[in-house]
Amino acid sequence: VGEGVMGHDTIAASEAMVAKIVNYLAQRGVRQSTVSALELGYPRDNGIDTLFSDAVHWLINEGIVRQKARHEIQGGPQHELVAKGCVLTSRGFRLLADPFEGSLTLGVAVRRTAEGGAGYSNVGDLLGGLLGGFTKTISN
């Protein structure tokens, strides 16, 4: 995937996409949800769809999201990619309560990144927090 609108290959774009997906699912609790990049506020764009698909698969592979759908990702009403039957796992919910920066929890950092595009001073802090929390969880 080449550079395009919003620099789809950057850590910041990945961080924002992951944060928006996690925030969207966290707000829905244990209800299986359908989510798309359009639903998250992104413009209709093939590069965005690719980033969205990659982010969903990464979250599933990391054990943060579970997906219970026959066709994991398929076309939506506006020909965008949609991920059906997604829900945060218990591990995903636990990660949101983990400390992130000082008294800031990972959940608050995710919400701030998703809502305002707020990044953190070190590149990849958010993704590192998710990975670090995931590693910490499976090592216990």
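1. Start with Tyr42, whose side chain reaches the backbone nitrogen of Met17 at 3.5 Å. Keep in mind that this is a predicted model. Along the sequence, Tyr42 and Met17 are 25 residues apart, while their C-alpha atoms sit 9.3 Å apart in space. If you want to find Tyr42 by eye, look in the loop between strand 1 (33–36) and helix 2. Is Tyr42 buried or exposed? Its relative accessible area is 5%, and the cut-off for buried is under 20%, so Tyr42 counts as buried.

2. Now step back to the whole chain. There are five helices and six strands, and reading along the sequence gives you α-β-α-β-β-β-α-β-β-α-α. Of the 140 residues in the chain, 46% are buried. Take the contacts between residues at least 6 apart in sequence: 59% of these join residues at least 24 apart.

3. Helix 1 (residues 11–27) is worth a look next. It is mostly covered, with 12 of its 17 residues buried. Among them are Ala13, Ala16, Met17, Val18, Ala19, Ile21, Val22 and Leu25, but also Glu15, Lys20, Asn23 and Tyr24. After helix 1 comes Gly29, which has a positive phi, near 60°.

4. Stay in helix 1 for Asn23. With a relative accessibility of 11%, Asn23 counts as buried, because the cut-off is under 20%. What does Asn23 touch, leaving out residues up to four places away in sequence? The answer is Val110, Arg111, Ala114 and Glu115.

5. Helix 2 (residues 46–61) passes the same kind of length check: its 16 residues should span 22 Å at 1.5 Å a residue, and its end C-alpha atoms are 22 Å apart, which agrees. At the start of helix 2, a side-chain oxygen of Asp45 comes to within 2.8 Å of the backbone nitrogen of Gly47. Gly47 is itself one of the buried residues of helix 2, a list that also has Ile48, Asp49, Leu51, Phe52, Ser53, Ala55, Val56 and Leu59. Following helix 2 you'll find Gly63, with a positive phi near 80°.

6. How do helix 1 and helix 2 sit relative to each other? Their axes come within 10 Å and cross at roughly 65°, and the crossing is right-handed. On the helix 1 side, the residues involved are Ala13, Ser14, Met17, Val18, Ile21 and Val22; from helix 2 they meet Ile48, Leu51, Phe52, Ala55, Val56, Trp58 and Leu59.

7. Over to Thr89, in the loop between strand 4 (81–88) and helix 3. Thr89 counts as buried, at 7% relative accessibility. Not counting residues up to four places away in sequence, Thr89 touches Gly63, Ile64, Val65 and Arg66. Gly63 is the residue that turned up after helix 2.

8. Strand 4 also holds Leu81. Leu81 counts as partly exposed, at 26% relative accessibility. Leu81 and Asn46 are 35 residues apart along the chain, with 9.1 Å between their C-alpha atoms.

9. Helix 3 (residues 90–97) has two sides to compare. Gly92, Leu95 and Leu96 are buried.

10. Last stop: Asp98, in the loop between helix 3 and strand 5 (99–101). Its relative accessibility is 17%, and Asp98 counts as buried. From Asp98 to Val108 is 10 residues in sequence and 9.9 Å in space, C-alpha to C-alpha.

Notes
Residues are numbered from 1 along each chain as its sequence is written. This is a predicted model: local features need pLDDT of at least 70, side-chain atom pairs count only at pLDDT 80 or more; totals for chains, interfaces and linings use all residues. Side-chain values use heavy atoms; hydrogens and water are left out. Buried means under 20% relative accessible area, exposed over 50%, partly exposed in between (1.4 Å probe, protein chains only). Helices (H or I, at least four residues) and strands (E, at least two) are DSSP runs, numbered from the N terminus. The expected span of a helix is 1.5 Å times one less than its number of residues. A polar contact is a pair of N or O atoms within 3.5 Å; within protein, one must be able to donate a hydrogen and the other to accept it, and residues adjacent in sequence count only if both atoms are side-chain atoms. Axes are lines fitted to C-alpha atoms, for helices over the stretch in contact, and angles run from 0 to 180 degrees between N-to-C directions. A crossing is left-handed if the near helix is turned anticlockwise from the far one by less than a right angle, and right-handed if clockwise. Contact means heavy atoms within 4.5 Å.
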